[in-house]
Amino acid sequence: MQTFALSPSTGANAPDVAGFFEPRTFSVQYIVSDPTTQQCAIIDPVLDYDEKSGATATHHADELLAYVKEQGLTVQWILDTHPHADHFSAAHYLKEKTGAPTAIGTYVKDVQELWKGIYHWPDFPADGRQWDHLFAEGDTFKVGNLDARVMFSPGHTLASITYVVGEAAFVHDTLFQPDFGTARADFPGGSAKVLWDSIQAILTLPDDTRLFTGHDYMPDGREPQWESTVKQQKAENPHLAGMSEADFIALRDKRDSELPMPKLILHALQINTRGGRLPEPEANGKRYLKIPLDALEGAAWE
């Protein structure tokens, strides 16, 4: 199975993009780097978690660190696109290893407030302090000499953002590969209407913009893929080509009503709303997750 691919720079103001596929959760981690300065950002890193044993590990995050070392890169940013529902974030671990600041969209505060209620965390600080920087719509920053900016892209979650670095856009869980479609919008705070608007904004980027998705589910058993272009998405994505807003909302609502909740959503959000921090050890030195019962719809028998 292909688990790594390098999408090289296409010219001036274009980054190298290394994609790392994590097959347990079908997630893609990215290292986006400036070929001139060798500075880079890590996007959506995965902390390994085995729900059957309760074990955690850093195998895939360490793979990113090994690549950074091999390529002589310097980590400038550790970026989350949103609080993920299907895997743990390794952002905090990588900050400890590299010293690089962590960042996410400012609307993570709304997600924290929502899940604070679900988990019954009366003392939890839902103000985004778990990250070093909170990005708002239109904010700009640098990866080396490359210009980067932030697009607010909600719908999948309240806090989802897209990072546009040079002519590459990291679209998280809005668009999947053109042969698979689009992301679900039925999580707490999600909206198919808002997701449509976010996707339409992404599709106003130049046609040759490289789009990098957050997951790939390998339809028909093909090899994992995670790169497309705006032009390909417009022409080939069955959820978008020839679809009206009303068509999309109806399709998305129907598909979402048939999907179970992700198996790790109640595990992952209590880590990812903390910026990737595991719960503090209790008196016996063990860490414990807190799983609220009857908190979400979408049980296997519904």
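Q: How much space lies in the second largest pocket?
A: About 390 Å³. A pocket is an open set of points on a 1 Å grid over the protein atoms alone, with protein on both sides within 12 Å along at least five of seven lines. Grid points are joined across faces, edges and corners, and a volume is the space filled by probe spheres set on the points. This is a predicted model: local features need pLDDT of at least 70, side-chain atom pairs count only at pLDDT 80 or more, and totals for chains, interfaces and linings use all residues. Residues are numbered from 1 along each chain as its sequence is written, and side-chain values use heavy atoms, with hydrogens and water left out.

Q: Which residues lie closest to the centre of the second largest pocket?
A: Lining residues have an atom within 4 Å of a point. Here 20 residues line the second largest pocket, and Met 261, Leu 266, Leu 296, Gly 298 and Ala 299 are the closest to its centre. By class, the lining has 14 nonpolar, two polar and four charged residues. Ala, Val, Leu, Ile, Met, Phe, Trp, Tyr, Cys and Pro count as nonpolar, Asp, Glu, Lys and Arg as charged, and the others, Gly among them, as polar.

Q: What lines the largest pocket?
A: The largest pocket holds about 550 Å³ of space. Its lining has 24 residues; Asp 86, Arg 184, Tyr 217, Leu 259 and Pro 262 lie nearest the centre. Twelve are nonpolar, four polar and eight charged.

Q: How many cavities of 30 Å³ or more are there?
A: In a cavity, a 1.4 Å probe fits but cannot get out. The whole structure has three of 30 Å³ or more. Among the residues lining the largest cavity are Val 111, Trp 115, Ile 265 and Leu 269. Its lining divides into eight nonpolar, one polar and no charged.

Q: How many aromatic pairs are there?
A: Rings of Phe, Tyr and Trp (its six-membered ring) pair if their centres lie within 6.5 Å; planes under 30 degrees apart count as stacked, over 60 as edge-to-face and the rest as tilted. The search finds 22 pairs. One of them, Phe 170 with Phe 212, is stacked: 5.2 Å centre to centre, 20 degrees between the planes.

Q: Are Phe 170 and Phe 212 buried or exposed?
A: Buried means under 20% relative accessible area, exposed over 50%, partly exposed in between (1.4 Å probe, protein chains only). Phe 170 is buried at 2%. Phe 212 is buried at 1%.
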